[in-house]
Amino acid sequence: MGETGTATGGAGAPALEAIGVRKLFGGLVVLDGVDMRLEAGRVHQLIGPNGSGKTTLINVVSGALRADGGSVRLGGEEITGMPMLEVSRRGLARTFQIPQSFAMLTARENVLVAAGENRGESYRRAPLRRLWTGDEARAMRMAAGALSASGLAGGAATRSDSLSGGQRKLLELAKARVGGARVILMDEPIAGVNPTLAHRIFEDIRAMASAGGATFLIIEHRLDISLGYADRVFAMDRGRIVAEGTAGEVMADRRVEEAYLGR
Ligand SMILES: Nc1ncnc2c1ncn2[C@@H]1O[C@H](COP(=O)(O)OP(=O)(O)OP(=O)(O)O)[C@@H](O)[C@H]1O
Ligand SMILES: [Mg+2]
C-alpha cells in the first residue's frame, strides 16, 4: 500500500530513522538532536544511564509524545507528528517499561485485542467459539500461535494480572507479534525477569528478526544478558547518542564509560 514516487521512500531506506530529534520538558532539554538509523531485520540495543532520554526517544518515535524538532521516518516515510495509532497501523509496535496489559482479560484476550487494534477491528466475541466468523477463527489461531511462540501456551486462559512478571513481559512480545509489526520498540523487556526466561525472551527476539525480518530497538540495562543478542548498540547520554557500533566497540568507548560514571 506504499505510495510510489515519494522523495524519501525506496527499498534502500532504513527501517526507522531519527534525524535531529529534539524534545523539551519545560526548560529541560531531554532529547538534544538524536540521530539514529535502524537497519531492517536487525536487533539494535539502546543503552545509557538513568534519565539519559531512552524512554522519551521511544515515546517520540512511536508518536506517544510530539517532537519539538527533527524528523522520524518509518521505511523512508515521514511519520513525524503522526498520532500513535496511525504510526502503529503503519507497522511500528512498542512495549512498555511497565507492561500495559488489560488486568482483567486473559493472556489470550489481551493478544486478541492487540491483533484487532492493529487492524481497527474488535475481537471481543472471539472467545465465544459458536459466534466465530472466518476472521475471528483466523484471529484465534494467530493468538494461539503467538502465545505458543512466546512460551505462554499454558497461560493462555490466565488473567494477565495473575501472570508472573516474566510472563507479563512475554505477553508484551506475543502482542507485538500478532500485530504484524515490522519495527518493534521495547522498553526494558527483561527487567525483573529471571535469567532463564530473560534469555528465552531474547532468543524470541532474535528469531523474529532473523526468520521474520522484524527490526528491533531494545532499551535494556541488563547488559550481561542482552548485549550478546544485539547486532548494533547505541549509547545515549544526556539526550544525545554518544557512541554507536558493535557491543564490543561501544563498551570499549571512553564516552560510554564516562556516561555511566557520571563524569
Ligand atoms: N513527562 C515528563 N515530564 C517531565 N520530565 C520528564 C517526563 N518524562 C521524562 N522526563 C525527564 O526526562 C529525562 C529523561 O527521562 P527518560 O525516562 O527518557 O530516561 P531513561 O533514559 O528512559 O531513564 P531510565 O533508564 O531510568 O528508564 C529525565 O530527566 C526525566 O525526569
Ligand atoms: Mg526509561
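Thirteen residues make up the shell around ligand 1, and the closest are Gly51, Lys54, Thr55, Thr56 and His221; a residue belongs to this shell if one of its heavy atoms lies within 4 Å of the ligand. The model is predicted: local features need pLDDT of at least 70 and side-chain atom pairs count only at pLDDT 80 or more, whereas totals for chains, interfaces and linings use all residues. Residues are numbered from 1 along each chain as its sequence is written, chains are lettered from A and ligands numbered from 1 in the order in which they are written, and side-chain values use heavy atoms, with hydrogens and water left out.

The shell divides into three nonpolar, eight polar and two charged residues. In this division, Ala, Val, Leu, Ile, Met, Phe, Trp, Tyr, Cys and Pro are nonpolar, Asp, Glu, Lys and Arg are charged, and the others, Gly among them, are polar. Helix α1 (residues 54-61) provides the largest share of the shell, three residues. Helices (H or I, at least four residues) and strands (E, at least two) are DSSP runs, numbered from the N terminus.

The model contains 15 salt bridges, each defined by a side-chain nitrogen of Lys or Arg within 4 Å of a carboxyl oxygen of Asp or Glu. One of them joins the side chains of Glu77 and Arg90, with an N to O distance of 2.4 Å. This pair links distant parts of the chain: Glu77 belongs to strand β5 (residues 77-78), and Arg90, 13 residues apart from it, to the loop between α2 (84-89) and β6 (92-95). Glu77 has a relative accessible area of 28% and Arg90 one of 33%, and both therefore count as partly exposed, the class between buried (under 20%) and exposed (over 50%), with a 1.4 Å probe and protein chains only.

A further salt bridge connects Glu244 with Arg232, whose closest N and O atoms are 3.4 Å apart. Distant parts of the chain are again linked, Glu244 lying in strand β10 (residues 240-245) and Arg232 in strand β9 (residues 232-237), twelve residues apart. Glu244 is partly exposed at 41% relative accessible area, as is Arg232 at 31%.

Asp237 and Arg238 also meet through their side chains in a salt bridge (3.8 Å, N to O). Here Asp237 is buried, at 10%, while Arg238 is exposed, at 54%. Elsewhere, Arg22, Asp32 and Arg240 are joined into one network by salt bridges that share partners.

Arg238 lies in the loop between β9 and β10 and has a phi near 45 degrees, a positive value in a residue other than glycine. Most residues other than glycine have a negative phi. Glu188 likewise has a positive phi, near 55 degrees, and is located in the loop between β7 (183-187) and α6 (195-210). Glu188 is buried, with a relative accessible area of 11%, whereas Arg238 is exposed.
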